[in-house]
Amino acid sequence: VQLQAFGGGLVQAGGSLRLSCAASGRTFSSFVLGWFRQAPGKEREFVAAMRGDSTYYSDSVKGRFTISRDNAKNTVYLQMNSLKPEDTAVYYCAGGLSGIDYFARGGVPYWGQGTQVTVSS
């Protein structure tokens, strides 16, 4: 099982980026897929997840970020709007079969490599 993230970059505050995460190795339609991030000097934190058609967000990104998935392409996306400097972090996609609560606490068996998102003020 492999997850590969794309789409990070440098953007000004208020701008947008879309991250993609392509999954391979098995069919992920039944998986929880989501995103975490880790800023320098901080612990990794949950950002968003999707199970079936249900979506879950951290309070810090709710209303600004949107997670979606294309099961036919085994891909999950994170549309990030109204970006803030505090959104600067390495973003990781993740997948698993656990419940959302456990997933959000980092109980995730599959991780992609990180992609850097930098938001300048």
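**A hairpin, its sheet, a buried valine and a pocket**

Strands β7 and β8 form a hairpin in which four residues lie between them, and Asn-74 in the turn has a positive phi of about 50°. The structure is a predicted model. Asn-74 belongs to the loop between β7 and β8. Most residues other than glycine have a negative phi. Asn-74 is a residue other than glycine, yet its phi is positive, near 50°. Its relative accessibility is 15%, so Asn-74 counts as buried.

Ser-82, in the loop between β8 and β9 (89-96), is not a glycine and has a positive phi of about 50°. The relative accessible area of Ser-82 is 41%, and therefore this residue is classed as partly exposed.

The hairpin can now be placed in its sheet. The sheet is open and has four strands in the order β1-β3-β8-β7, with antiparallel pairing. Its edge strands are β1 (2-6) and β7 (65-70), each of which pairs on one side only. On average, neighbouring strands of this sheet are turned by 15° against each other, direction ignored. Strands of a sheet pair through backbone hydrogen bonds, either parallel or antiparallel.

The pairings may be followed across the sheet in order. β1 and β3 run antiparallel and are joined by five bridges; within this pairing, Leu-3 has Ala-23 in β3 as its bridge partner. Next, strand β3 (residues 17-24) pairs with strand β8 (residues 75-80) in the antiparallel sense over six bridges, and Ser-20 stands opposite Tyr-77 in β8.

In β1, Leu-3 and Ala-5 make up the covered face, whereas Gln-2, Gln-4 and Phe-6 make up the uncovered one. In β7, the covered face consists of Phe-65, Ile-67 and Arg-69, and the uncovered face of Thr-66, Ser-68 and Asp-70.

Attention now turns to Val-119, a residue of strand β11 (residues 115-120). Is Val-119 buried or exposed? Its relative accessibility is 6%, below the 20% limit for burial, and so Val-119 counts as buried. Val-119 and Val-11 are 108 residues apart in sequence, while their C-alpha atoms are 5.0 Å apart in space. With neighbours within four places in sequence left aside, Val-119 is in contact with Val-11, Gln-12 and Ala-13, and also with Leu-83, Lys-84, Pro-85, Asp-87 and Thr-88.

Rolling a probe the size of a water molecule over the atoms shows where empty space is left. The largest pocket holds about 170 Å³ of space. Its lining comprises 13 residues, and those nearest its centre are Arg-37, Ala-39, Lys-42, Glu-45 and Glu-86. By class, the residues of the lining divide into eight charged, three polar and two nonpolar.

Key. Residues are numbered from 1 along each chain as its sequence is written. This is a predicted model: local features need pLDDT of at least 70, side-chain atom pairs count only at pLDDT 80 or more; totals for chains, interfaces and linings use all residues. Side-chain values use heavy atoms; hydrogens and water are left out. Helices (H or I, at least four residues) and strands (E, at least two) are DSSP runs, numbered from the N terminus. Buried means under 20% relative accessible area, exposed over 50%, partly exposed in between (1.4 Å probe, protein chains only). Contact means heavy atoms within 4.5 Å. Two strands pair if DSSP finds at least two bridges between them. Axes are lines fitted to C-alpha atoms, for helices over the stretch in contact, and angles run from 0 to 180 degrees between N-to-C directions. On a 1 Å grid over the protein atoms alone, a cavity is a set of points where a 1.4 Å probe fits but cannot get out, and a pocket is an open set with protein on both sides within 12 Å along at least five of seven lines; lining residues have an atom within 4 Å of a point. Grid points are joined across faces, edges and corners, and a volume is the space filled by probe spheres set on the points. Ala, Val, Leu, Ile, Met, Phe, Trp, Tyr, Cys and Pro count as nonpolar, Asp, Glu, Lys and Arg as charged, and the others, Gly among them, as polar.
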